[in-house]
Amino acid sequence: MEVVAATKRALEERQVVANVSEVGTLGLCFAEPLMDVQTPGGPRIFYRNVTPELADSIVERHVAGGNPLSEHAIGYLGHRSLAPDGIPHLDDHPMRSMEQRIALRNAGNIDPSDLYQYIANGGYAALNKALTQMSPDETRQEVLTSGLRGRGGAAFPAGVKWGFLAGNPDPNKYILCNCEEGDPGAFNDRGILESDPATVVEGITIAGYACNANRGYIFIRHGHNQPIDRTRAVIEQAYELGLLGENILGSGFSFDVEVALTGDSYVSGEETALMEAIEGKRSMPRYRPPFPAQVGVFGKPSNINNVKTLAYVPEIVARGGEWFASIGTPADRDNGINGSSGTAILCLSGDITYTGLMEVPLGMTLRNVLFDMAGGVPNGKRMKLLQTGGPLGGVLSASDANLDLVLDFDVFRAAGAILGSGGIIVCDEDTCAVDLTRNLIAFCQYESCGKCFPCRMGMSHLLEVLERISNLEGTEEDLALMRNIGENMQAGSLCGHGQLGFNPVSSALRYFGDEFEAHILDKRHTGDCPEQVFSPKLTRR
Amino acid sequence: MDAATQSLISDAVNSQPQSTVTVLSSLLAVEDAIGYIPKEAVEAVALQMDATINDVWAVATFYPNFRFVPPTEHRIEVCWGPSCHVMGADRIIAAAQDSLSLSDEGDTPDGKATLRYNTCLGACAHAPVMAIDHHLAGRITPESAREKIADVLRSAASH
Ligand SMILES: Cc1cc2nc3c(=O)[nH]c(=O)nc-3n(C[C@H](O)[C@H](O)[C@H](O)COP(=O)(O)O)c2cc1C
Ligand code: SF4
Ligand code: FES
Ligand code: FES
């Protein structure tokens, strides 16, 4: 914000005429704030870690003076014949070199609030194709062919799920888009809505057509103002252009979309809890059956998909399901591998040189991603541990075998982790596995909605035991006690939060059991954790 | 409750931009308008939504973003989610508590600032993260946290 203001001020002072626009994220978070400058006929040059002072000199020397500041530039985008002196092409940056952008194809390149820019880049060709050349069934078939699996956590095939709703004859049906994004370590859903909300609006409209649904909600957490404002802006323009509302593009198909907000609650990302929140209630999961495709939001049949899932849909329809299916990993059903098509949108945070967002083809190894692209762990330290797929996903050791895992939903599950929403928190050798597990369980305990006691009390109990262990007061029975609590949570919890809530502990014990044993049996710390650890306590009132 | 606040509440409840209006959306609108949920707002929402006062309280107390006493001048949030935890959030929280002379989350006695813990501020790539009056700041150190909080308290003092 300060950088934008400083740039405008600098331009005014020097009476330079230029357009200043705020775009969404390019994904290179480690270098933010980024600023890019394009002079007539020149390439776009990107500056890293821009301060208000640097913005001022960029305006003076580059915008007004025509001399790029190569020492502050991270790269340029544009034809290679335009290469400025001493500045590499941005696509040669390791973080972008192996990317394949489908859902993020427009991110950082268009003004996210301007639907015309989306259309100028090929947007709405897919909806037009579906409405004019394909029946709803054919549209759904294309998504089935693509093999697209849900990116919200469970990796369920989207086309199959759409079929449940399409088969329901009710005239009032809903498509819900889940941008709750409570997973700490994941910021890709927000990233998409911040940098290209129109692709999600087009995607949900196509889903509506394929399922004969007539209303959609895009569900975003209150306070996430950029995604909320930008999504609302493109929805408004889509109505003005006849791309939403009655009789879209003269096809006879009508569809309404609005943004709905929730309060702070991790569990409102669970599909039935989300329906409760849209109805304005406490976001506590519902019993199933009935399933959402029979009784969903406001009692009407509903289908729910993650933001990323819907963001792929326009390109799948435009380029064909076969094309999407050709990217990623093949099925190997004898070994429980169903195949994972398309790309993974990963969020890298923690002890890693290049943090940020990247979209890479499924099938790449973790080693490719973490070392070749993201530059490994800084300061010459050793990579010790990876926390993937949100707090319920669990931890992996950064062993050679695990680094050779390919990005694939089923391969990750077999290794005891979840690829899920794509968050990867990298931890170096200084991170203590006992302490991180305690933090993950503190999160799960804080966020338990409280509806069922195996989860509500199980999480509190687990946290107590883990606090005891990290204070070197654990007893030999504690490992068995935790397993017992975990089994009860898995068997007796209503939703995934309680059912999967033992994952952090079970996976940590699997890979770092020796650290737990050192704490319990030898009364010895294995890292240098602070005496006083912080874990707030709150289960919902 | 003064008439001005009363009318801010009814404006917030009655003129929401979206077409689906619920107990939750009304409460969020009031929170945005005046920064807290007074008893009068609970009554206004119950009336508007044809819900009972208990129903409205049930929703308001479930989500930790609602507060029930008027807000202080500044809101300081520190994230303790796993990305931030790994990058040293414990020390940021300790520094924030110390700068504000608080031992837990809550309001300073002089009404200048509120400290809140957050489970993820959504900027994990910039961990550890804090937010001051909703402006995110990343790669915070205990020292920079102290400085930022001192700056904010100074600006509060000069009002
Ligand atoms: C506790 C819990 C939290 C969840 N949070 C999210 C979330 O933040 N975003 C999301 O898309 N899915 C979340 N899910 C998964 C959803 O229930 C649902 O499976 C998903 O939105 C379906 O979309 P997909 O088929 O496109 O993956 C959560 C599930 C559970 C059990
Ligand atoms: S498992 Fe936990 S989060 Fe899910 S409904 Fe039960 S108490 Fe709520
Ligand atoms: S709790 Fe981390 S080393 Fe003991
Ligand atoms: S975990 Fe701190 S911002 Fe996400």
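# Close-up views of a predicted two-chain model

**View 1. Chain B and its contacts along the sequence.** Among contacts in chain B between residues at least 6 apart in sequence, 60% link residues at least 24 apart. Please keep in mind, as you look through these views, that this is a predicted model. Chain B has seven helices and five strands, and reading along the sequence gives the pattern α-α-α-α-β-α-α-β-β-β-β-α. The C-alpha trace of chain B spans about 50 × 35 × 25 Å along its principal axes. Of the 159 residues in chain B, 41% are buried.

**View 2. The open sheet of chain B.** Here the five strands of the sheet run in the order E2-E3-E1-E4-E5 (chain B), with mixed pairing. Strand E2 (106-107) and strand E5 (135-137) of chain B stand at the edges with a single partner strand each, so one side of each has no neighbour in the sheet. Further in, strand E1 (residues 74-79) of chain B pairs with strand E3 (residues 113-118) of chain B in the parallel sense, over six bridges.

**View 3. Where chain B meets chain A.** In this view, 33 residues of chain B are in contact with 46 residues of chain A. On the chain B side, the elements that give two or more residues are helix H2 (23-34), helix H4 (53-62), helix H5 (82-86) and helix H6 (89-99) of chain B. By class, the side of chain B that touches chain A has 19 nonpolar residues, 13 polar ones and one charged.

**View 4. A covered helix of chain A.** Helix H11 (residues 271-278) of chain A is mostly covered, with eight of its eight residues buried. Among these buried residues of H11(A) are Glu271(A) and Glu276(A), along with Leu274(A), Met275(A) and Ile278(A). What do the buried residues of H11(A) pack against? Their neighbours are strand E4 (174-179), strand E5 (215-221), strand E6 (256-262) and E7 of chain A, together with H2 of chain B. After H11(A) comes Gly280(A), which has a positive phi near 90°.

**View 5. Inside the largest nonpolar core.** The largest nonpolar core has 210 residues. The residues with the most contacts inside this core are Cys177(A), Val200(A), Ile218(A), Phe219(A), Val426(A) and, from chain B, Ala96(B). Leaving aside residues up to four places away in sequence, Ile218(A) touches Cys177(A), Cys179(A), Val200(A), Ile204(A), Thr231(A), Val257(A) and Val259(A).

**View 6. The shell around ligand 1.** Ligand 1 is surrounded by 23 residues, and the closest are Gly150(A), Gly152(A), Gly269(A), Asn306(A) and Gly496(A). E7(A) gives the most, with three residues. The shell around ligand 1 contains five nonpolar, eleven polar and seven charged residues. At least three of the shell residues come from each of domain 2 (115-325) and domain 4 (433-520) of chain A.

**View 7. The shell around ligand 2.** Around ligand 2 there are 15 residues, with Cys449(A), Cys455(A), Cys495(A), His497(A) and Gly498(A) the closest. The elements of chain A that give two or more residues here are helix H18 (453-470) and H20. By class, the shell around ligand 2 has eight nonpolar, five polar and two charged residues. Why does ligand 2 lie between two domains? Domain 2 (115-325) and domain 4 (433-520) of chain A both give residues to the shell around ligand 2, so ligand 2 lies between them.

**View 8. Domain 3 against domain 4 in chain A.** Chain A is divided into domain 1 (2-92), domain 2 (115-325), domain 3 (335-428) and domain 4 (433-520). The C-alpha centres of domain 3 and domain 4 of chain A lie 23 Å apart. Across the boundary, twelve residues of domain 3 are in contact with 16 residues of domain 4 of chain A. On the domain 3 side, strand E12 (383-388) and strand E13 (395-397) of chain A are the elements that give two or more residues, and E13(A) has the largest share, three residues. This side of domain 3 has seven nonpolar, five polar and no charged residues.

Key
Residues are numbered from 1 along each chain as its sequence is written. Chains are lettered from A and ligands numbered from 1 in the order in which they are written. This is a predicted model: local features need pLDDT of at least 70, side-chain atom pairs count only at pLDDT 80 or more; totals for chains, interfaces and linings use all residues. A residue is near a molecule or strand if its C-beta atom, placed from the backbone, lies within 6 Å of it. Helices (H or I, at least four residues) and strands (E, at least two) are DSSP runs, numbered from the N terminus. Ala, Val, Leu, Ile, Met, Phe, Trp, Tyr, Cys and Pro count as nonpolar, Asp, Glu, Lys and Arg as charged, and the others, Gly among them, as polar. Domain bounds come from an automatic or database domain assignment. Two residues are in contact if their C-beta atoms, placed from the backbone, lie within 7 Å. A residue is buried if 20 or more other C-beta atoms lie within 10 Å of its own, exposed if 12 or fewer, and partly exposed in between; C-beta atoms are placed from the backbone. A nonpolar core is a set of buried Ala, Val, Leu, Ile, Met, Phe, Trp, Tyr and Cys residues joined through C-beta atoms within 7 Å. Two strands pair if DSSP finds at least two bridges between them.
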